[in-house]
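Trainee: I would like a close look at one helix pair and what surrounds it. Please take me through it step by step.

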Amino acid sequence: MKRMLLGRLAALVPTVLLASFVVFMLIQLAPGDPSITLAGENATAERIEEIRRSLGLDRSLIEQYLTWLSHAVRGDLGKSIITQESIAAAIGRTLPITLQLVFGALVVAIVFGVIAGVASARRADTATDAVIASVSSAGAAMPSFWLGLVLVSIFALGLDWLPATGFVSLAADPVRALRHLVLPSVALGAVGAAEIARQLRGVLIEILASDYIRTLRAKGLSESRIVWIHALRGAAVPLVTIIGLQVSRLLGATVVVEAVFGIQGIGTLVVSAANNRDYYVVEGVVVVMALIVILVNFAVDVSYRISDPRIR
Amino acid sequence: MTGLLQDGAMPAGPLLSVDALCVQFDLPGAKATLKAVDGVSFEIGRGEIFGLIGESGSGKSSVARAIMRLAPIAAGAITLAGTRLDQLQGRELRRHRRRVQMVFQDSSDSLDPRMTVRQAIAEPLRMQDAPPADAGGLVASLIQRVGLDESHLDRKPHTLSGGQKQRVNIARALALSPELLVCDEAVSALDVSVQAGIINLLLSLQQELGISVLFISHDLGVVAHLADRVGVMYLGRLAEVASAEALTSRPRHPYTEALLAAEPEPRPSTHRAARPPLIAGEVPSAANPPSGCRFRTRCRYVRERCAAEQPPLRPVDGGGLVACHFAEELVLEGRRA
Amino acid sequence: MSGGGVLRNWLLSDGRSRLAASFLLAVAILAIAAPLVARYSPTAQNAMPFTGISWDHWLGTDDLGRDVWARLVYGARASLLAAFIAVGIAVGIGVPIGLVAGFRGGWVDAVLMRIVDTFLSFPGIILAIAITAVLGSGLMNAMVAVGIVFSPSIARLMRGQVLVTRERGYVEAAVSFGSPSWWIVVRHIVPNAIQPVVIQATFMLGLAVLAEASLSFVGLGVQYPNPSFGVMLRSAAQFTSLNPGGVYPPGLAIALLVLAFNALGDSLRDVLSPATSTRRRIGRRANRRPAPNPEPNGASPRDN
């Protein structure tokens with residue numbers, strides 16, 4: 001088991017390296033010269049040349065990449081051209097906020113997704129099933145940031161039940177944090193809930209028709225016990241895969257939802273960096289995001305292998 | 001050059017000669033190779049129908065695919081009227097492909113579902129360096145020759161029956177006027193009643209066109225009915241080669257005897273009880289074949305020498321070739337009259 | 001038939017795809033005929049802000065007094081165009097890559113798929129933002145970015161299809177009568193491998209509409225003052241307290257467009273791949289071939 005884990009982990013290294021290389025090369029395609037930007041207006045040619053040398057921009061791309069990589073593995077992703085803030089520090093400041101939001105959305109997606117998935121699988125091909133199917137296909141079609149706007153206009157501005165914008169850390173003030181987290185989490189998690197419901201339905205219908213479940217029914221177990229304990233346990237592996245895919249999607253969708261709720265997360269960071277052409281910040285964020293996605297996929301893969309020894 | 005030769009005086013010698021052919025496949029995963037065909041030699045004369053028979057996994061299809069240059073040739077030579085087919089590459093290979101055409105086993109899978117019958121039959125013609133001037137007329141005459149009519153030309157394969165599809169495949173294979181037609185289990189997937197129609201079509205086409213045919217099947221009855229001479233394959237090697245008549249009336253290899261014994265009786269119930277199956281057990285894996293004679297693990301006449309020494313395919317009296325150390329001693333039973 | 005059955009049949013029957021197709025057609029016509037359908041310029045400030053619904057302004061006006069209906073039909077133009085450009089680019093990049101990887105195999109396949117998998121490990125929208133940052137904002141650049149982001153999954157799908165099609169008997173037959181590789185690829189492999197890609201591309205049109213809206217919403221897509229659904233949402237979002245209804249026209253337009261593309265994709269899948277839909281094919285002659293080895297798990301008409 002330990003060897004398998006280490007082996008899988010080692011196999012991630014080239015994936016991460018390749019991902020960072022792709023991002024690095026992509027950023028190199030950007031027009032303009034950061035040394036000219038940094039030197040400011042009316043800078044002499046010598047001054048620009050000096051900055052270029054100090055940034056290492058006079059060396060070959062591969063050399064630049066290796067330098068960047070050697071700094072990156074030590075946690076140094078460079079500095080923002082605009083704000084001069086250390087990029088690692090900026091990510092360290094914003095990432096926990098985004099992760100808290102993604103976690104809230106994941107809870108929403110799993111709770112509603114599993115309930116709806118189980119309900120429609122138990123009542124497959126009935127009106128309930130059809131209604132859940134239509135609601136989830138509508139949910140999957142809605143942009144999460146638009147859902148966020150609608151929720152804000154109803155529950156925050158209309159009914160004044162919940163705050164419209166802002167963010168509070170769970171560690172600082174759990175109650176206020178949760179109140180701030182509800183609307184963005186629902187907005188972000190709705191699409192995930194729809195997706196989980198749809199896929200779980202298919203998996204569960206198959207399991208509920210299996211001989212194993214038929215045996216349990218013959219033994220006289222209650223239907224809800226069969227569904228909620230035995231059938232869901234059988235659906236655990238595909239469910240973990242579906243959830244793993246959702247994490248990657250949520251990390252993307254959070255970018256726009258943060259903008260709706262004025263949350264200063266990593267999405268806001270990368271959007272303003274992109275708008276300001278602050279390439280190194282964009283580079284750092286994309287690499288960190290890719291790293292998170294790769295690690296989540298790794299976790300899904302490992303849980304897969306642990307729960308199903310046939311896969312090796 | 002070879003083309004000129006054929007048009008002139010008919011040269012002597014066989015049309016196709018296969019010499020010590022080996023076909024190997026890399027097994028995925030394990031770092032091993034599978035010798036599907038291991039040193040097979042035979043010849044097919046001009047205008048001859050040569051049957052190749054064996055169980056699945058015997059390598060008979062790999063022989064066909066090697067002749068078609070669809071399977072990798074590890075060693076050996078394949079010569080068609082003086083041309084070393086196995087050595088052709090690239091453009092040369094494509095030019096010579098027209099001389100050998102194949103009718104595949106799966107009549108549906110070998111027709112593109114998106115092409116009409118007309119497009120399918122015309123496709124080989126379009127692929128030639130010099131397409132015939134009257135391709136349309138040729139397609140029409142081909143479809144009639146295989147027993148369909150022109151109304152079938154604009155239909156898609158899925159609207160045809162299995163037998164009709166196989167007739168289209170035959171028409172397509174004949175479009176290029178090949179010297180050799182290879183039929184790989186061409187009737188195996190069809191109903192018995194449809195099979196008879198296709199076999200009779202092949203026989204009449206062969207007589208009409210005078211082409212040579214390599215007919216591959218696991219069904220000894222069909223092969224013996226159709227072929228002039230028959231080769232019996234077992235685990236990648238030839239066990240026996242003889243005329244269809246000699247092979248069925250007086251088999252010289254224990255495996256051939258076993259195949260004949262396993263044939264369904266033409267008149268049921270008469271002798272069945274008296275003839276227990278002569279062959280038992282599974283075919284050994286071709287990836288790890290038995291030493292010596294490959295048939296020894298299932299042979300009821302097996303002796304010590306069989307494990308130690310590989311029997312060569314050698315001539316015996318009566319004109320056939322047999323790969324058995326004891327062909328002269330054994331008295332084997334043929335098909336009952 | 002039970003009430004549930006009727007409801008289900010209505011929701012799942014062909015009527016849904018017909019509805020989706022007519023809706024898309026209507027939107028397309030509106031978008032093309034925008035100058036005729038809209039009575040105002042989408043960028044002209046020709047009334048008070050937030051007038052509300054009236055005969056002059058069917059959907060009211062926005063924060064700058066621009067006609068919302070005019071902005072919506074012109075916005076549909078931008079959104080549809082954006083979707084087709086993005087998916088066109090995704091198909092244009094993905095199909096050749098998948099084709100080459102699947103047909104060539106070997107190290108070419110290994111290298112290409114490694115790159116494809118790398119691209120798939122980025123959250124899509126973030127990669128699109130990064131590419132837009134490099135290319136510069138604007139509708140065209142944003143859609144190039146979205147197209148690049150979508151292309152790896154098209155490449156993967158195409159490769160898988162090519163791997164299956166390559167082994168089909170008609171491809172081998174084509175080799176056996178001397179067809180050159182290019183002919184086999186163009187005439188046999190592409191036509192028989194492309195269907196799932198067409199279906200996937202249909203779903204992607206919906207995703208591209210969403211992507212356009214997202215990128216424009218954060219300011220990286222369509223630029224001021226031109227309308228698109230995302231831009232309209234962006235300005236409506238700033239005035240939700242003054243004009244809470246402002247988010248509905250563009251938001252519903254996006255949701256309906258995406259729903260319609262999804263429904264179209266579903267019905268295309270039903271019509272094009274007979275293996276997954278038995279429902280609509282009853283009575284038709286099944287295109288079954290004598291399989292030498294029976295399918296594992298038997299035939300399951302449900303989604304695979």
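Mentor: First, a convention. Axes here are lines fitted to C-alpha atoms, for helices over the stretch in contact, and angles run from 0 to 180 degrees between N-to-C directions. Keep in mind that this is a predicted model.

Now take helix 8 (residues 174-208) and helix 11 (residues 236-261) of chain A. Their axes come within 9 Å and cross at roughly 155°. Angles over 145 degrees count as roughly antiparallel. Helix 8 and helix 11 of chain A are therefore roughly antiparallel to each other. Their crossing is right-handed.

Which residues meet? On helix 8 of chain A they are A:Leu183, A:Pro184, A:Ala187, A:Leu188, A:Gly192, A:Glu195, A:Ile196, A:Gln199, A:Leu200 and A:Val203. Facing them on helix 11 of chain A are A:Pro238, A:Leu239, A:Ile242, A:Gln246, A:Arg249, A:Leu250, A:Ala253, A:Thr254, A:Val257 and A:Phe261. By class, this contact has 14 nonpolar, four polar and two charged residues. An α-helix has 3.6 residues a turn, so residues three or four places apart point the same way.

Helix 11 of chain A also has a part in the contact with chain C. That contact takes 49 residues from chain A and 42 residues from chain C. On the chain A side, helix 11 is one of the elements that give two or more residues. The others are helix 1 (2-28), helix 6 (127-141), helix 7 (144-158), helix 12 (266-275) and helix 13 (279-307) of chain A. By class, this side of chain A divides into 37 nonpolar, ten polar and two charged residues.

Cross over to the partner. Chain C has twelve helices and zero strands. Of its 304 residues, 46% count as buried. Helix 10 (residues 195-217) of chain C is mostly covered, with 18 of its 23 residues buried. Helix 10 of chain C reaches 33 Å from its first C-alpha to its last, close to the 33 Å expected at 1.5 Å a residue. Just after helix 10 of chain C, C:Gly219 takes a positive phi of about 90°.

Chain C touches chain B as well. Here 19 residues of chain C are in contact with 23 residues of chain B. Helix 8 (169-176) and helix 9 (181-193) of chain C each supply at least two residues of the chain C side. The largest share, seven residues, comes from helix 8 of chain C. This side of chain C divides into nine nonpolar, seven polar and three charged residues.

Key: Residues numbered from 1 in each chain as written. Chains lettered and ligands numbered in written order. Predicted model: local features only at pLDDT ≥ 70, side-chain atom pairs only at ≥ 80, totals over all residues. Helix = DSSP H or I, 4+ residues; strand = E, 2+ residues; numbered from the N terminus. Parallel < 35°, antiparallel > 145°, perpendicular 65-115°, else oblique. Left-handed = near helix turned anticlockwise from the far one by under 90°. Contact = placed C-beta atoms within 7 Å. Nonpolar A, V, L, I, M, F, W, Y, C, P; charged D, E, K, R; others polar. Expected span 1.5 Å × (residues − 1). Buried ≥ 20, exposed ≤ 12 C-beta atoms within 10 Å, placed from the backbone.
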